[in-house]
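Please consult the sequence and the structure while reading.

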Amino acid sequence: MRTAYSVKTVRAAERALMARLPEGALMQRAAAGLAAACADLLGRVYGSRIVLLVGSGDNGGDTLYAGARLARRGAGVTAVLLAPEHTHQGGLAALRRAGGTVAPSRQKDGIPAFLAAAEEGIRRADLVVDGIVGIGGKGGLRPDAAPLAALAEESRAVVVAVDLPSGVEADSGEVRGAAVRADLTVTFGTHKPALLVDPAREYAGSVRLVEIGLDLPEEAELEALQHADVAALLPAPTAESDKYRRGVVGVAAGSARYPGAAVLAVSGALRGGAGAVRYVGPAGQAVIARYPETLVSDRGPAKAGQVQAWVVGPGAGDDAATVAEVLEADVPVLVDADGLRLADRDVVRARTAPTLMTPHAGEAAALLGVAREEVEGSRLAAVRELAARYGATVLLKGSTTLVADPEGGPVRVNATGTPWLATAGSGDVLSGLTGSLLAAGLSPRDAGSVGAYLHGLAGRYAADGAPAGAHDVADAIPEAWRDVRDLRD
């Protein structure tokens, strides 16, 4: 499992480790890992042209020491100092001893000294190392540093960020102004939340973790499941299993206007590990025509028969009565799409059985009473707030899916998806799949995390670089399931 920790936690762990190590040893560990990553990217270090963008403090020190290591291997390394009076002196001395140079600091035509010195070097560089701001940066790059980010992005150079792209906020994943766009981020000790959560994640490029020996607490800020973690959670039948022991999921979805939502939700549910799917709603004929194995009822949720979990809301239109009836059930309930708008918050909060809500950014914004842009810019805060308000587990859909519990604890992050999943009905498939995992016995947090993981993989398999419909995603779920199970079997 990949984990991420807050700045406060990381700094406490660094202080504890530095107290046990010789002075400067921790910085040398970080610099060695950074230099190795840069060398791997370059392929041939000797004769390459490298520009270091050096801010103040330890982040700048890591950058300078790594530059010294590369200079000793024959690279032409030039440091651009954004704050010469606060530059890490030990790192600067090491760079000079290794043959590296410092760009002239004279001002030219009123342009900040470091910017005038950096422009030509960045345009000619093979590699630019972003050591401008460390993990404590807030509010985007300051105005005189922002042009460096633009120059690096426009250049042909590979851009490597040190610990975190400068300008993104480590704990929240927010980007409140100009920021460096890296091809690779080399982070030390642990991932930081911004490296896993959009919008900051898209600025990080690929991420390489350099272990430096930090002793971190067991509970992280964020968790990202990997194949082995998902494999361990997947429900599997035993010799004694029958369709009822495996779990039955109820799907209350669709309407005269949106019968396809019911079909797609059922398609996901049939592939989610439960032993049977009960459908309740006005789209029974469409569901049976496509999936004759579905148990269809027109008697309403309360009289449909026993289920271990419900999915309600996809394509429901204005059917508030069905949503309310499902929420009265004493089993886990997944609420999606129209159901999110129709569900009474007090009723959700009063439920004794678990509830899982699965909004996209627009739906989350409506529930929180804020603009969609606010949710998209601060996804981690939004999913936590929504879970707390409703007393429910919340799966916030998007390029990185987030799953938060109402009691707090680590937020689960999933990044297996693809932009091709942004297609009509894809969310209905996810709801059915995740509801089936609930019925099979997974907790809302695990069901949401596993459902998002499989759904994302299925989207990749279905698209394979070309457009795919929601039904293609549903059809690819078994392939994703088998791919994950390969590590366990």
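The buried residues of helix α3 are N59, G60, G61, D62, T63, L64, Y65, A66, G67, A68, L70 and A71, where buried means under 20% relative accessible area, exposed over 50% and partly exposed in between, with a 1.4 Å probe and protein chains only. Because 12 of the 16 residues of α3 are buried, the helix is largely enclosed by the rest of the structure.

The model is predicted: local features need pLDDT of at least 70, side-chain atom pairs count only at pLDDT 80 or more, and totals for chains, interfaces and linings use all residues. Residues are numbered from 1 along each chain as its sequence is written, and side-chain values use heavy atoms, without hydrogens and water.

Helices (H or I, at least four residues) and strands (E, at least two) are DSSP runs, numbered from the N terminus. Helix α3 covers residues 57-72 and reaches 23 Å from its first C-alpha to its last, close to the expected 22 Å; the expected span is 1.5 Å times one less than the number of residues. Just after α3, G74 takes a positive phi of about 100°.

Strand β16 (residues 393-396) is covered on both faces, with T393 and L395 buried on one side and V394 and L396 buried on the other. Two strands pair if DSSP finds at least two bridges between them. The pairings of β16 are tabulated below.

| Strands | Sense | Bridges |
|---|---|---|
| β15 (residues 355-357) and β16 | parallel | 2 bridges |
| β16 and β17 (residues 401-404) | antiparallel | 3 bridges |

L356 stands opposite T393 in β16, while V394 faces A404 in β17. A hairpin is formed by β16 and β17, with 4 residues between them, and G398 in its turn has a positive phi of about 160°.
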